[in-house]
Amino acid sequence: MENIICLAECTSTNDYIRNRLSELADGTAVTALVQTNGRGRRGHTWLADSGMLPLSILLKNPVEGETLTARAGLSVCTALESVCGISEIRIKWPNDIIIAGKKVCGILCEGCLNGDNSYVICGIGVNVSQSEEFFKTANLPNGASLAMLCGTIPERDVLIKAIVENVKRFAAMPFVDCLDDFRSRVLNIGKTVRLIENGKERIATAVDVSPNGFLVCEDDNGRFEVNSGEVSVRGENGYL
Ligand code: BTN
């Protein structure tokens, strides 16, 4: 596959790209059969398992880089819809891809948006073929794989190609042109959310997504925007 590096093993596909920024061209994608030290948001570990597809895409000098988590989410939803033939794929803001209430994919966009050498690495981890047992043993009650939810395992190469193509397509689009699609998939909108940052909790209602991809919330003190940064967003009584 053109411009897609397929490794047998690496620590983290995001780190593989970050360590080779100057030598890799814009649009290079990296995947591995096994990722041994994957990272999730807010310092979490992303479990190593051959049933999980790790994929990272390098975008140099991206336009509206701060909205790339949202656009990567849309890309994964669109790719899964076409490859797996499923609809109703939703996004738990900012970065969890949800099918039938379960997390099938997480996204970790990292980079630097200042100066002439700005870049973003879109790291995408798709739960492809793990069993129910895997999520039980790993104590991940909110996770599930495509195999569990769709009954079929998509061909790895086909899935990779579809995600990479969609990430590049959405990365080239102004976010304003994707906003309605993104909004309609964000399942937090209209719900009570628990926002947890630095151990402090704030209860609010999620009402919208702003043109810069932030979650717009409302409480007794009025409206405010939540940046994806370090905030954990949970439902009133649990994950969703
Ligand atoms: C999350 O839900 O917290 C984000 C998980 C992102 C995992 C992917 S797997 C490919 C890429 N490499 C990493 O180390 N992390 C991301």
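Okay, ground rules. What you see is a predicted model, where local features need pLDDT of at least 70, side-chain atom pairs count only at pLDDT 80 or more, and totals for chains, interfaces and linings use all residues. Residues are numbered from 1 along each chain as its sequence is written, and side-chain values use heavy atoms, with hydrogens and water left out.

Let's start with the sheet. There's an open sheet of 7 strands, in the order S1-S2-S5-S9-S8-S7-S6, and the pairing is mixed. Strand S1 (4-10) and strand S6 (90-92) are the edges, each pairing on one side only. When I say strand or helix, I mean DSSP runs numbered from the N terminus: E of at least two residues for strands, H or I of at least four for helices. Two strands pair if DSSP finds at least two bridges between them. S1 and strand S2 (residues 29-35), for instance, pair in the parallel sense over 6 bridges, and Cys6 stands opposite Thr31 in S2.

Two helices pack on this sheet. Helix H2 (residues 68-84) touches strand S5 (52-60), S6, strand S7 (96-99), strand S8 (102-112) and strand S9 (119-127). Helix H5 (residues 156-171) touches S1, S2, S5 and S9. Contact here means heavy atoms within 4.5 Å.

Now, the ligand. How many residues surround the ligand? It's 21, and the closest are Ser12, Gln35, Arg39, Arg41 and Lys103; the cut-off is a heavy atom within 4 Å. An N or O atom in the Lys103 side chain is 2.6 Å from a ligand oxygen, and a backbone N or O atom of Arg41 lies 2.7 Å from a ligand oxygen. Thr13 has a side-chain N or O atom 3.4 Å from a ligand nitrogen.

Arg39 has a partner, too: its side chain makes a polar contact of 2.5 Å with that of Asp15. For a polar contact within protein, N or O atoms sit within 3.5 Å, one able to donate a hydrogen and the other to accept it, and residues adjacent in sequence count only if both atoms are side-chain atoms. Asp15 is in helix H1 (residues 13-18). Is Asp15 buried or exposed? Buried, because its relative accessibility is 14%, and the cut-off is under 20% relative accessible area (1.4 Å probe, protein chains only).

Last stop, the hairpin. Strand S10 (residues 192-197) and strand S11 (residues 200-209) pair in the antiparallel sense over 6 bridges, with Glu197 opposite Lys200. There are 2 residues between the strands, and Asn198 takes a positive phi near 50 degrees.

Conventions: Axes are lines fitted to C-alpha atoms, for helices over the stretch in contact, and angles run from 0 to 180 degrees between N-to-C directions. Buried means under 20% relative accessible area, exposed over 50%, partly exposed in between (1.4 Å probe, protein chains only).
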